[in-house]
Amino acid sequence: MRGNEIPPRILIVDSQGQPVRWAALTRAARYYASGKVVNDLGECLFSMTGGLQEISGERSFVVSSSIVMIRGRHRSPNGRGHVGLSKHRLFARDRHVCAYCGAHCNESDLTVEHIIPVSRGGRHEWTNVVTACRSCNTRKGNRRPEEARMPLLYVPYAVCRNEGFILSNRRILADQMAFLQASLPRHSRWAHG
């Protein structure tokens, strides 16, 4: 890795193989230094040099795998692995494709579209939102898709925990992606790359 290159995030998983967090290399080094690492699961290795050791005078050196398994089982705060809905995650889930016309757009040209409008009782949740281009969102307005004669091209779904990890990191390494994809449900748009 070159000096000005941003190092990739390290995928930290618990002893059950469940993702815990994306971590900077410095945080991964702390897991190694504190003896919390159980296994290295990734194919990529990253090194980091530290300070001088007081007794030996040698510089400390840590090598981290791209996927690190740590001791213990870590549960999500709400127990279900809920993934918060955000504009960025929604657009990533839907692969930047408008649910009505099928156009692939830049993020700046997309909107969060409520299938059942909020003003008509629709909720702001994964199963009621899709990605829409500005033109289709305006055309649909405050109507349901069937009222606007604009059928959905794909079905919205709630994102699972592993998919949430994929959606929250723009620089995922190939081995990390394969690890996360291995346990995705078949309906996930990220299940097969």
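How many salt bridges does the structure hold? The structure holds 5 salt bridges, a salt bridge being a side-chain nitrogen of Lys or Arg within 4 Å of a carboxyl oxygen of Asp or Glu. Side chains of opposite charge can pair when their charged atoms come close. The model is a predicted one, in which local features need pLDDT of at least 70 and side-chain atom pairs count only at pLDDT 80 or more, while totals for chains, interfaces and linings use all residues. Residues are numbered from 1 along each chain as its sequence is written, and side-chain values use heavy atoms, with hydrogens and water left out.

One of these salt bridges is formed by Asp 94 and Arg 189, whose closest N and O atoms are 2.9 Å apart. Asp 94 sits in the loop between α2 (87-93) and β7 (110-114) and Arg 189 in the segment after α5 (174-181), so the pair ties together parts that are 95 residues apart in sequence. Helices (H or I, at least four residues) and strands (E, at least two) are DSSP runs, numbered from the N terminus. With a relative accessible area of 2%, Asp 94 is buried, whereas Arg 189 is partly exposed at 22%. Here buried means under 20% relative accessible area, exposed over 50%, and partly exposed in between (1.4 Å probe, protein chains only).

A further salt bridge brings together the side chains of Glu 113 and Lys 140 at 2.5 Å, N to O. Glu 113 belongs to strand β7 and Lys 140 to helix α3 (residues 134-140), so that distant parts of the chain, 27 residues apart, are linked. Both Glu 113 and Lys 140 are buried.

Glu 147 and Arg 120 also meet through their side chains in a salt bridge, at 2.6 Å from N to O. Glu 147 is in the loop between α3 and α4 (161-167) and Arg 120 in the loop between β7 and β8 (129-133), so this pair ties together parts that are 27 residues apart in sequence. Glu 147 is partly exposed at 37% relative accessibility, and Arg 120 is partly exposed at 36%. Through salt bridges that share partners, Arg 93, Asp 94 and Arg 189 are joined into one network.

The loop between β7 and β8 also holds Asn 128, which counts as buried at 7% relative accessibility. A polar atom of the Asn 128 side chain lies 2.9 Å from the backbone nitrogen of Ile 116. Not counting residues up to four places away in sequence, Asn 128 touches Glu 113, His 114, Ile 115, Ile 116, Gly 122 and Arg 123, where contact means heavy atoms within 4.5 Å.

In strand β7, Val 112 is partly exposed, with a relative accessible area of 26%. The C-alpha atoms of Val 112 and Leu 90 are separated by 7.7 Å, although the two residues are 22 residues apart along the chain. Beyond its neighbours within four places in sequence, Val 112 is in contact with residues including Lys 87, Leu 90, Phe 91 and Asn 137.

Elsewhere, strand β4 (residues 45-52) pairs with strand β5 (residues 59-65) in the antiparallel sense over 6 bridges; two strands pair if DSSP finds at least two bridges between them. Leu 45 stands opposite Ser 65 in β5. The two strands, β4 and β5, form a hairpin with 6 residues between them, and Gly 57 in the turn has a positive phi of about 80°.

Methods:
A polar contact is a pair of N or O atoms within 3.5 Å; within protein, one must be able to donate a hydrogen and the other to accept it, and residues adjacent in sequence count only if both atoms are side-chain atoms.
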